[in-house]
Amino acid sequence: MENKRYGHFDDQQREYVITDPRTPWPWINYLGNEDFFSLISNTAGGYSFYKDAKFRRITRYRYNNVPMDNGGRYFYINDGQAVWSPGWKPMKTPLDFYECRHGMGYTRITGRKNGVEASVLFFVPLKTWAEVQKLTLTNQSQEVKTLKLFSFEEWCLWNAATDMENFQRNFSTGEVEIEGSTIYHKTEYRERRNHYAYYHVNAEIQGFDTDRETFVGLYNEFSNPDAVMEGRPRNSHAHGWSPIASHYIEVTLQPGESKDLIFLLGYVENEQDKKFSAPQVINKDKAHATIEKLNTTEKVDMAFAQLCDYWDRLLDIYHVSTGNPKLDRMVNIWNQYQCMVTFNFSRSASFFESGVGRGMGFRDSNQDLVGFVHQIPPRARERIIDIASTQFPDGGCYHQYQPLTKRGNNDIGGGFNDDPCWLIFGTVAYIKETGDFSILDEMVPFDNQPGSEVTLFEHLKVSMDHVINNLGPHLLPLIGRADWNDCLNLNCFSWDPNESFQTTENKSEGSKAESLMIAGLFVVTGKQYVELCRKLGKDAEADRMQQAVDAMIAAVKKDGWDGEWYLRAYDYFGRKIGSNECEEAKIFIESQGWCTMAEIGAEDGMVGKALDSCKKYLECEHGMVLNNPAFTKYIYEYGEISSYPEGYKENAGIFCHNNPWVIIGETLAGRGNDAWSHYAKILPSYVEEKYQTLHKVEPYVNCQMVAGKDAFRPGEGKNSWLTGTAAWMWLTVSQYILGIKPQYDGLQIDPCLPETAKDYTIQRRFRDAEYTITIHPNGSQKGVKQVVVDGKAIEGNTIPYAAGKHIVEVTM
Ligand code: BGC
């Protein structure tokens with residue numbers, strides 16, 4: 001397949017520049033840092049919401065539509081000869097120039113047509129509940145230009161789920177108010193809602209529309225709305241049906257002249273007793289205040305500069321210079337950026353996640369934490385407490401919770417037996433980064449029940465115990481509904497397509513289904529827990545857990561090893577899964593990753609053999625597949641995993657999330673060349689260079705899944721942006737490849753590199769210290785010979801923490 005390129009990196013600006021709007025799939029970006037968020041594609045498609053993509057959806061979006069990516073914040077320019085949009089869509093009029101620059105929390109889209117340039121900067125200012133759209137119109141021709149400009153947003157009636165289904169009600173409830181240049185959306189405000197949205201422009205308007213059918217025309221599309229095509233707004237006032245917001249502005253530009261218009265899409269919540277300023281009239285004070293803060297070019301430019309500063313500061317915390325731009329740009333910019341986005345959105349809203357299905361995952365959020373804890377530790381702290389509050393007294397937990405309510409999600413419930421271990425993983429990462437042990441004394445409830453509070457440390461303890469108390473016949477952890485692989489449903493036994501694989505347990509009484517993935521995870525997090533207990537002086541507890549860890553290691557060696565690799569699981573009946581004895585799916589990646597990270601049986605050569613087997617059976621051109629050979633038929637005893645066609649998703653897709661597990665295993669074994677070659681295969685900047693057309697999805701971030709070697713189109717990516725891959729890629733490269741590991745007492749330096757690695761320098765802020773660390777690999781893959789801190793050689797390879805600036809030289 002020919003590799004057409006649709007864009008390129010601009011590292012100086014920290015942007016990805018898209019130069020052709022017809023990308024193989026919409027390439028999106030995220031706006032917002034806290035509370036108010038937007039998704040925006042390279043043609044300005046997407047939507048906004050406040051905190052929760054399901055319950056507070058502000059604008060409407062149509063997933064899985066024809067044409068693709070329908071609905072967004074659109075501008076239409078009618079210049080008398082042509083009608084066009086700066087982002088190409090929705091008009092799709094061929095442009096003389098098009099460019100979309102996705103940056104850190106902003107997107108700038110520029111289009112030119114018939115001598116006029118329209119450039120729109122989209123961003124959400126810090127601490128602001130509004131999206132700014134700064135439109136700059138420039139007359140680049142020699143003649144006077146008279147333009148008819150229309151803006152366009154379509155309101156969602158708040159609940160994104162019912163908005164798409166409850167039309168018998170929806171088509172009668174829509175309400176708006178118009179005041180000057182601001183259109184207010186106040187559906188349901190008269191009753192139980194105390195929030196409204198608005199769309200404002202800082203200029204006098206010559207007309208407006210708020211009723212979609214009047215503006216578009218019932219049988220038209222966004223690409224030929226009646227009002228725009230005729231160059232005449234209707235001044236419509238929505239009563240029910242589908243309310244929208246469109247401003248109409250006549251703009252005259254002299255040759256060379258440029259004009260800014262600031263559009264603002266905002267959200268407001270009012271106190272119950274301050275909802276109205278007159279009967280039926282909403283209280284607009286807060287909207288006025290936000291508008292006042294952002295109603296001039298100067299104010300908006302200042303807010304934008306603050307956002308850029310904020311990102312400078314975040315990205316300054318860890319910065320590497322290796323001389324390899326493809327590595328540096330991922331480590332310094334895009335990987336860290338993606339981690340922040342996954343922190344904010346978990347798995348809720350992307351162009352593959354509709355925002356109505358999934359809230360925050362217990363397991364997902366703990367993993368995401370390792371990707372952003374160095375950037376915003378206070379919010380990591382808050383997140384840990386929120387997550388732990390959804391745990392049950394026996395250590396089990398809700399698999400997901402809703403961000404708006406922070407309550408466990410009853411629809412999905414619990415029973416995913418790996419979940420509890422992740423709380424240790426997340427909490428330890430937080431303490432090692434910050435040195436803040438006080439979090440362990442926080443009083444945290446179970447299932448959010450007041451009165452049930454115990455310390456966070458107690459939550460960690462019951463988490464470990466949950467595994468110990470749920471062992472199967474081989475003394476390996478019982479899997480429950482599933483472990484990390486949500487699709488390995490060993491107690492499901494479903495022939496009914498209306499049943500959910502993940503929540504159905506048709507047969508779980510007496511189940512012998514055990515997981516080697518949880519076994520490895522338990523050993524890794526168990527060792528972390530033991531180290532923490534020792535640090536806290538809780539030696540008896542440390543001893544107790546060490547015994548449990550040792551027992552688990554013994555169980556894996558005895559019943560979890562297949563000869564060349566670790567087994568994956570035992571099924572309900574106690575039969576092997578992921579064994580050479582199996583007909584299909586003889587080997588799985590998850591247990592290889594976790595058991596090699598746990599270094600189980602390293603002394604007996606098990607780790608080396610398992611890593612070699614990954615190379616032999618799982619690796620392909622685009623990364624390592626999840627299992628091999630792929631399932632070719634549905635297996636009633638295994639559940640969803642075997643429901644996928646060969647090479648996709650959990651059935652032998654390259655599930656990028658778990659490749660780093662094996663890569664970390666490689667680094668612990670000191671195999672730097674292998675670690676690097678696996679890493680580079682799924683590193684977006686390497687994929688970008690070779691496979692833009694094939695890969696399809698955004699080339700600047702990782703996606704959850706790339707079609708595997710058994711797929712119809714190997715190398716095709718799906719489910720971009722919101723994936724644990726981001727955090728795992730970050731952990732792998734920052735701590736295990738480049739080798740800077742936060743520890744309780746300092747920074748441990750332990751890189752594992754390809755032989756070809758050159759000298760590199762890392763700037764690392766760590767608590768109140770700032771380290772400049774230069775590593776001299778000298779052709780070695782692993783092993784630090786000497787660490788010199790501020791001119792003095794230290795014992796070992798952990799730089800003891802001390803506030804202030806330090807220069808470190810490391811010789812391998
Ligand atoms: C989920 C994870 C899960 C993974 C593998 C992802 O979509 O967010 O929680 O571990 O799939 O099934």
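Me: What makes G653 and M705 contacts of Y648?
Reply: Contact means heavy atoms within 4.5 Å. Y648 touches G653, M705, A707, A711, F712, R713, E716 and K718, leaving aside residues up to four places away in sequence. This is a predicted model, where local features need pLDDT of at least 70, side-chain atom pairs count only at pLDDT 80 or more, and totals for chains, interfaces and linings use all residues. Residues are numbered from 1 along each chain as its sequence is written, and side-chain values use heavy atoms, with hydrogens and water left out.

Me: Why is Y648 called buried?
Reply: Buried means under 20% relative accessible area, exposed over 50%, partly exposed in between (1.4 Å probe, protein chains only). Y648 has 15%, so Y648 counts as buried.

Me: Where does Y648 sit, and how far is P714?
Reply: Y648 is in the loop between strand 33 (627-628) and strand 34 (654-655). Strands (E, at least two residues) and helices (H or I, at least four) are DSSP runs, numbered from the N terminus. P714 is 66 residues from Y648 in sequence, and 9.0 Å away in space, C-alpha to C-alpha.

Me: What makes Y16 and W27 an aromatic pair, and which kind?
Reply: Rings of Phe, Tyr and Trp (its six-membered ring) pair if their centres lie within 6.5 Å; planes under 30 degrees apart count as stacked, over 60 as edge-to-face and the rest as tilted. The structure holds 69 aromatic pairs. Y16 and W27 have centres 6.1 Å apart and planes at 70°, an edge-to-face pair. Y16 lies in strand 2 (residues 15-18) and W27 in the loop between strand 2 and strand 3 (28-31), so the pair ties together parts 11 residues apart in sequence.

Me: What kind of pair do Y16 and Y700 form?
Reply: A tilted one: 5.0 Å centre to centre, with 35° between the planes. The pair links distant parts of the chain, 684 residues apart. Y700 is in the loop between helix 18 (684-695) and strand 35 (703-706).

Me: Why does Y700 count as buried?
Reply: Its relative accessibility is 0%, so Y700 counts as buried. Y16 is at 0% too, so Y16 is buried.

Me: How do you know that the charged end of K326 sits over the ring of Y686?
Reply: The test asks for NZ of Lys or CZ of Arg within 6 Å of the ring centre and within 35 degrees of the ring normal. The charged end of K326 is 4.8 Å from the centre of the Y686 ring and sits over it. The charged end of K507 sits over the ring of F493, 5.4 Å from its centre.

Me: How do you know that the span of helix 10 agrees with expectation?
Reply: The expected span is 1.5 Å times one less than the number of residues. Helix 10 (residues 419-434) has 16 residues, so it should span 22 Å; its end C-alpha atoms are 24 Å apart, which agrees. Of its 16 residues, 15 are buried.

Me: What makes helix 19 short of a straight helix?
Reply: Helix 19 (residues 725-737) has 13 residues, and a straight helix would reach 18 Å. Its end C-alpha atoms are only 16 Å apart.
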